[in-house]
Amino acid sequence: MERIHVSTRSPQCMEDITAQVSDAVRRSGVEEGICHLFVTHTTAGLVINENDDPEVVRDLLEKLEALAPSDAAYHHLEGNSHSHIKSSLVGQSAAAPVAGGRLALGRWQAVFFAEFDGPREREVLLQVVAARATETPAEELSRERQAEP
Ligand code: ZN
């Protein structure tokens with residue numbers, strides 16, 4: 001397991017962590033499998049979406065703010081209930097396929113750390129899980145022949 005360190009820059013933002021995730025996938029040496037990401041925080045989350053136009057992230061943050069306004073009244077007295085709600089809406093985990101030793105994101109996709117109670121020092125746990133090796137037909141035949149009496 002790896003830990004990706006993220007320094008968020010404002011109270012609510014999305015930090016593009018695609019480069020760090022891609023580097024970790026390469027370091028893992030896994031050719032085929034899945035990259036699982038998990039945020040160990042209750043006021044942050046993970047989002048996989050477009051990074052080409054920054055207005056997409058801006059719209060996401062604005063709509064989340066409309067759903068759970070920072071200045072609304074809440075029962076949780078710590079003052080960050082809106083952050084907990086936004087974190088729950090986007091989720092604490094994300095997964096993406098690993099193919100050919102690389103993170104197989106779509107052309108317009110990026111992995112974002114979603115901060116809802118920053119700025120803070122944060123971390124993301126990352127695990128690259130290899131797919132079980134499959135036999136080629138020739139390997140299967142060879143194994144069966146060796147098993148014959
Ligand atoms: Zn709280």
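Trainee: Between which two strands is the loop that holds Pro119?

Mentor: This is a predicted model. In it, Pro119 belongs to a loop, and the strands on either side of that loop are E7 and E8.

Trainee: Is the peptide bond between Gly118 and Pro119 cis or trans?

Mentor: Most peptide bonds are trans. Between Gly118 and Pro119, however, omega is about -5°. The bond that joins Gly118 and Pro119 is cis.

Trainee: What share of the 149 residues in the chain is buried?

Mentor: A residue is buried if 20 or more other C-beta atoms lie within 10 Å of its own. Among the 149 residues of the chain, the share of buried ones is 25%.

Trainee: With which residues is Cys35 in contact, leaving aside neighbours within four places in sequence?

Mentor: Beyond four places in sequence, the partners of Cys35 are Val21, Val25, Ala95, Ala96, Val98, Leu103, Leu126 and Val128.

Trainee: Is Phe113 buried or exposed?

Mentor: Phe113 sits in strand E7, where 6 of 7 residues are buried. Contacts of Phe113 beyond four places in sequence include Val6, Met14, Leu46 and Val124. Within 10 Å there are 27 other C-beta atoms, so Phe113 is buried.

Trainee: In what order do the 3 strands of the open sheet stand?

Mentor: Strands of a sheet pair through backbone hydrogen bonds, either parallel or antiparallel. Here the pairing is antiparallel, and the order is E2-E7-E4.

Trainee: Which strands stand at the edges of this sheet, and why is one side of each left without a neighbour?

Mentor: The order of the open sheet is E2-E7-E4. An edge strand has a single partner strand, so one side of it has no neighbour in the sheet; this holds for E2 and E4.

Trainee: How many bridges join E2 to E7?

Mentor: E2 and E7 run antiparallel. One of the bridges sets Cys13 against its partner Glu115 in E7. The number of bridges between E2 and E7 is 4.

Trainee: Over how many bridges do E4 and E7 pair?

Mentor: Gly45 stands opposite Ala114 in E7, and Asn49 stands opposite Ala110 in E7. E4 and E7 pair in the antiparallel sense, and the number of bridges is 7.

Trainee: At about what angle to E4 does helix H2 run?

Mentor: Helix H3 (residues 81-90) lies across E4 and E7, at about 45° to E4. Helix H2 (residues 54-67) lies across E2, E4 and E7. The angle between H2 and E4 is about 140°.

Trainee: Against which elements do the buried residues of H3 pack?

Mentor: His82, Ser83, Lys86 and Ser87 are buried in H3. They cover an arc of only 135° around the axis, so they are on the same side of H3. The buried residues of H3 pack against E4 and H2.

Trainee: Which residues does Leu64 touch, not counting those up to four places away in sequence?

Mentor: Leu64 is in helix H2 and counts as buried, with 21 C-beta neighbours inside 10 Å. The C-alpha atoms of Leu64 and Ser87 are 9.7 Å apart, although 23 residues separate them in sequence. The residues that Leu64 touches are Lys86 and Leu89.

Methods. Residues numbered from 1 in each chain as written. Predicted model: local features only at pLDDT ≥ 70, side-chain atom pairs only at ≥ 80, totals over all residues. Contact = placed C-beta atoms within 7 Å. Pairing = 2+ DSSP bridges. Axes fitted to C-alpha atoms, helices over the stretch in contact; angles between N-to-C directions. Buried ≥ 20, exposed ≤ 12 C-beta atoms within 10 Å, placed from the backbone. Arc of directions from axis to C-beta.
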